[in-house]
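Colleague: Please take a close look at one part of this model for me, the packing inside it. Then follow that into the contact between the chains.

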Amino acid sequence: MRKILLLMLLSGLLVFCTRPGFAQQKSVSGTVLDTEDNSPLPDVTVTVKGTNLATKTNQQGFYTINAAKGQVLVFSFIGYSRREATVGDNNFVNVSLVQSDKDLGEVVVTAYGIKRDRKSLGYSPVEVKGEDIAQTKRDNFLNSLAGRVPGATITSTSGTPGASSQIILRGAVSIDGDNQPLFVVDGVPYDNQTLNQESLVPSSNPNAVGFANRNSDYGNRAMDINPDDIENVTILKGPEATALYGAAGASGVIIITTKKGAKGKGSLTYDNAFGFEKVYRFPEVQTIYGRGRNGVSDPTSSYYFGPKYDAGTELFDNFNSFLKTGMSQKHNLSLEGGSDVNTFRFSTGYTKRDGVIPTSSFERLSFRLTGSSKITPKLNVSATANYVNSVTDKVSKGTGSYFLTLLTWPKDDDVRNYLNSDGSRRILKGGNLLSETDNPFWDVNKNLAEDRTDRFSFNNTISYDVLKWLNLTSNIGADVYSTQGFYSTNPQSRYGAATGGFLNQYTQNTRNISGNVRTNIRKNFDKISNNLIIGFNFDDNRSRIESQRGEQFIEPDFLSINNVAPLTVASKTTVLNFRRVRWFGSYTAGYEKLLYVTLAGSIEGDSRLTSKFYQKSPYFKYGAASMAFNFTELNAFKNVEWLNGGKLRIGYSTTGKAPYSPYIIDYGFGSVITTGGGYALGVTGGNENLRPELTKQLEFGGEFSMFKNRLSLDVSYYRLRSQDQILAVRSSYGTGYVLKYINGGLVQNRGMEVVLKGTPITSKNLTWDVTVNYSFNRGRIISMPGDVPQFYNSDTWLYGNARSVAYAGGRLGNISTDDFRRNKNGDVLISTTTGLPLKAGAASFTNITGNREPKGSFGFINSITYKEFNLNFNIDVRIGGDIYNGNALYLYNLGLSKQTLNREDAVVVKGVLQDGLEDTDNPTVNTIAIQPAYRNDYYITNYIESEFIEKDINWVRLRDITLSYRLPKSLLKNQKVIRNASVFVTATDLFMLTNYSGADPNVSGLTGGARGYGGGGFDYGALANPRGISFGAKIQL
Amino acid sequence: MKIKYFKLFLLGTLVLSAVSCKKYLDINSDPDSTQEPDASSVLPAMLAAIPRGIQYDARFLGLYNQNFVLRSPTATSTEVSRYLWETHGYNPGSDNGGDIWRQTYYGLGANLNYIIDKGKATEKWDYVGVGYALKAHMFLQSTSQNGPIIFREAFKPGLLYFKYDDQDVVLPGIDSLCREALSYLSRSDGKVSTASLGKGDYVYAGDRTKWTKFVYGTLARLYSMQTNKAQFVSQYADSVIKFADLSFEDGLDDFMIPFDATKNDDANFFGTYRDNLTYFRQSNMIVKLLDGTALAGSNIAANRDPRMPQMISASQDTTNGNGGYRGIDPTSGGDPAGTGTTGANARKRVAVLWGDSLYANPSSNVFSTTYGKYLFRDKAVMPIMTYSEIQFMKAEAAFKKSNPGTAYTAYINGIRGHFAFINRTVFPRSGTALYTGSPISTSRINSYMAGANVKQTAGALTLSDIMQQKYIALWGWGYLETWTDLRKYHYTDIDPATGAQIYKSFAMPTVFYANNGGPNLAYRVRPRYNSEYVWNQASLDVFGGLADDYHTKPTWVILP
């Protein structure tokens, strides 16, 4: 059999080899220049169209190639528009290339930094230029990807500095696993953890601080990247790429290439930005009725069901008293240069942002040194060292936070008066601190929290060209950081009163080392190109969190673990260690530029699958196959004038996913603090039979380039089927546990991504490039593991009885809520005594009332260049998807919602009385009239959360807009110091049009570390994203 | 040929690296917490886990068995939901009343299996015996509370849904668990020693004979439950008497769990720090048992039980004839002079269980050994089984067997045993004494024993005397056993000897939970909601467990 295959291959080769050569060959040469500054462009690929004759330009941009008159030369280079030129009588063909990234036929950075001709890819990677990211001047670069990456859902936790963001590509494939992509910087994984609060020691008293990933945000660690160091971001969602990055990339990979030094005259670049920001969206509250209940005034009440404010009562604008204008500054300095042999780049960046909430801030200082050296013509070495120091001064979030207390602060009280003259807390509602909500000023000034991270990452790449067609490359990297953080509540605060003050401090030390070696074999046999990559990869990830808690401060305002009652000190250590190894291979065969077939496969071992007690294989296999068919290379299409390029592609792949947490195969004991101490099994039972989650992905699509490449279209359709979901399901306690890890179930995601790029206008002075991204995803749970009736993410149970529930047939982004009790006809049952509707209670939490997944989203990215002016803007449009407006319900319950202003109108709740006749054919229709103003239960208890789920929320959001002006060359030509200079003004989140009644539909109730679908779509107690504007200048020497 | 060798070489390196990688990957055990602790490290956590189940559920069982009555049915939302239990209902869609279930399967369940397996592997047969003993105890608690439970399929690997067994299967099963326990506790080979067991056992300090007695006590309970069965007089009564005799010999054998009271988690659930008694007041049932009304026929001073000031609280108003001890009848509208009442009624307010004249908790969130009384203190023990209880079981069995002499002796032992219980001075882990001030003097005990509350001859002894004295002795801790007794006698059965209710001071609620379908009292607690009603519904449905009035159906053991 093998012999036959060999024979077939050989005969195939023979056939291709016997193609006759082209007539009337001559030597054509020329120089390729950059249109921008007329500098020569080295390494530009020059091919004779329709043949596999190719060469590259030398350092002076010069090339020589054999071609005949009438043949077309194709010039392509990464980052530039492809250009074609026909060989005429002249033997010289000089061309200039325009910088661009929109064309087919270019080279893209794929897995492990391997540059590949886009034509050979059976999938569609998305590239975002570092420049586009940097120009938004956002601290967390993830937020600048919104709208720029089709198929990416980016949810920021809140609008405060240092807030975490969550990114999910192509829908969540795991019901409860980590669905965030892998981040890779210069070939080495970059940790993007968000601290899980379960690692911290909670307070001793249940009335005080609890840790459920809601009351504090810890950022997502990928925000340590200085956006100005990013050269380019490639987002891989498709089959082959994830197969190459292994299970870690099962939810996609975000490959970040940092800026490198370029050879030539050294240059120094400095840029800065100064910004202001303001929150302009805030939930509305009523200002007519004052504190009290049932129409009776009560200044100690938290409710606003009292009488109307007296005419002439001074009402304070507490929102504006509290919220300030945020200010930020950024400075970047970079120095680069190099020779033919060595290059280097050193950059330092400083960012400081004071948020709109007093005391909130984010500060980052980053240094990066990159160097490369061509030690021998065959041996290239490059290395990067990066140090980052990030400091986030945090404010609270969710229940009891400044946000909710500001919303509900009495309008007849000036929120600024939060201290008594002696510096103690001013009490508004009387004695009991446990029921007195914290003044927002008190909260942000007295309940301090901070995270400080020192991060060092290093990577090294050695590339050795053993033979012309054989390259050996290794990457090794370390990513090491230490975060020291604390969370505190003052003894006089609501959540500090029960414990006499509470301080939690922690240190997280994370040390990830990874490395890989690979051989890359490229050999062309006439028209057959072959590319074989074989490699080995390992990861060693260690995180250790040491947390201590202390209570009963001796000095009320002094924050130190030494300032607490010694007996209240408790500590906890959490260690999360895991390792992975992987052997991988990928083979691409191409026939001319017409057809490419890629096969890839991996064997991966993951320590999280091993057991201490059982023999259990840590290995699992997966692979991918894809095909790219560049049909425009066929002769039939060569004469189609308007069509410049066309590709059809299809791919199928499988990927495994190990358990998201280590130590869940074997049962785990936890130490208990009951009398006598000792160990007891944890709530979650391990399972020695766990297998990896398996996702099968089918993707197909096409790329088309038209009208002299002025219009291009890229369409992808995908279907992901993820089986063997690993889930800690709730089940009968008969298992011996409350939750138990099991495998099973099937989740399907289907979706489409469309990228349309065009250049409507291109002339000497004016160019307008526009990109339209469109994508949608439909996630559905086809079956549940173990056929359990449901699974809910308890962290999403934020306010009221609404939470995210997964069940067979449901959507991953479901929201389920309580319901009214109903008779057989579905009529609401009304109590005969109160006249108010009856609630069904917890039993009906499976009442599905919302789906947070958007129906689709668009991104419109525009770049208009007029002479030296450039205007760049990104409009993000989301269509559909439901939001649970927890803030609105909270305000409704408290009588602050404008919906409660009708309280003086008598109401008869529509429904039937629960009088024994409700299920007969003639139920008694309710006629009991109630006056809500005197019956506040109507608002406080007799609602269902589904009334506060806002359906089909759309938004149109101007994510960012930048206007920049570059000083014309003519102005600079008389001096030799300044090479380039520009000024800019950027605005972020400038406006939003939405049908959402709350402040911002794009916030999350949880931190970015939330698993599964995350906390997006739960709007409760989080600040809206502020509107920001910044300006600055850039100068290059 | 060469290629072949190359391939072999490649394969060889792959296999070798795969093997060494397997070792490299073998780091999946938590360096931070042990995954194979010794049985002695798990046992302390199990002992501490026992009171959690019963004390959490006491908030509901204590309303069924009228140990407590709510202060007010409406003052807070918590009281509104608790009130349903006072009306012999339950909270649908809630885990209230489900903590014994939780502890049976989760809190102790799988851990006890671990102790048993680990004990067997390390030849620590004493730990194995203790493991079985606690398993039997938990299953007995659970079936007493819930009737049918998951028994044969419990902890079976690979299952997510579990079938139930009714008591006709469960009770013999518990009997076998007890016998297993006894056989392991009787072994002294292997690594068995008092010191070894004492490492984890802070209740009996490794004394296997006391554990053996505890197992016999469990067996006595198992048969004592079955008084309504036809075989009781002919067979089971003898078993009860025999097991009682093999069980506790005096109060020092009592099985009681101590609390260190240094933080929330190691303090008594009913102590002032954890403040869980706020809503509860003493019932008229216990007041009438202690002030002489029920047992002696009147509450004149001479008839007042010297245990009364030790166990329950007095109001400031002493004009009510018994020295100010006021109780509340269920569903009577709560404390008639509750919080907020001013003027003349203020003095009639009933104090919280842990303090005379104290209405508000003086030491919430603060550890105190001075505040509180009887079992309601931060550092007071939680009794699980006492000598006194054993004697009352024996008395009841002997009485039913028409052996009044034996019954009478056990009855007297039971009462004196409870006095000794209150007067006890030595506790494991130096717990707080249960008496307030000084112990009850011998002369007061003797005068009570000679008084009208106590029958003076075997001939005069009635079932009612035994059961009511048992009620007093178990009040405040034996919530489940007391409820079982009440259910055995259908709460209001008449004692033929007196023509009155066996439990004279038991008062029928005047309001009943809507789903009870009339004045039907509770006979079982529904299994834990978030374990069974959500995740194991189909199994419940097999025996009608989904019915709204399931809780009113007498359990197998109650039926003849």
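Modeller: A nonpolar core here is a set of buried Ala, Val, Leu, Ile, Met, Phe, Trp, Tyr and Cys residues joined through side-chain atoms within 4.5 Å. Keep in mind that the model is predicted. The largest such core has 198 residues. Leu134(B), Trp211(B) and Phe255(B) touch the most other members. Helix α2 of chain B, residues 39-64, gives the most to this core: 16 residues.

Take Phe255(B). Neighbours within four places in sequence are left aside here. Another core, of 55 residues, lies apart from the one with 198. Among its members are Tyr418(A), Val909(A), Leu1006(A) and Ala1010(A).

Now the contact between the chains. Chain A puts in 66 residues and chain B 60. Together they bury about 5,100 Å², with 60% of it on carbon and sulfur atoms. Polar contacts link 20 residue pairs, both residues at pLDDT 80 or more. On the side of chain A that touches chain B, β27, β28, β29, β33 and β36 of chain A each give two or more residues. β28(A) has the largest share, nine residues. By type, that side divides into 30 nonpolar, 24 polar and 12 charged residues. The count of salt bridges between chain A and chain B is one. Lys612(A) and Glu36(B) form it through their side chains, at 3.8 Å from N to O.

Conventions: Residues are numbered from 1 along each chain as its sequence is written. Chains are lettered from A and ligands numbered from 1 in the order in which they are written. This is a predicted model: local features need pLDDT of at least 70, side-chain atom pairs count only at pLDDT 80 or more; totals for chains, interfaces and linings use all residues. Side-chain values use heavy atoms; hydrogens and water are left out. Contact means heavy atoms within 4.5 Å. Buried area is the accessible area (1.4 Å probe) that two parts lose on being put together, summed over both. A salt bridge is a side-chain nitrogen of Lys or Arg within 4 Å of a carboxyl oxygen of Asp or Glu. A polar contact is a pair of N or O atoms within 3.5 Å; within protein, one must be able to donate a hydrogen and the other to accept it, and residues adjacent in sequence count only if both atoms are side-chain atoms. Helices (H or I, at least four residues) and strands (E, at least two) are DSSP runs, numbered from the N terminus. Ala, Val, Leu, Ile, Met, Phe, Trp, Tyr, Cys and Pro count as nonpolar, Asp, Glu, Lys and Arg as charged, and the others, Gly among them, as polar. Buried means under 20% relative accessible area, exposed over 50%, partly exposed in between (1.4 Å probe, protein chains only).
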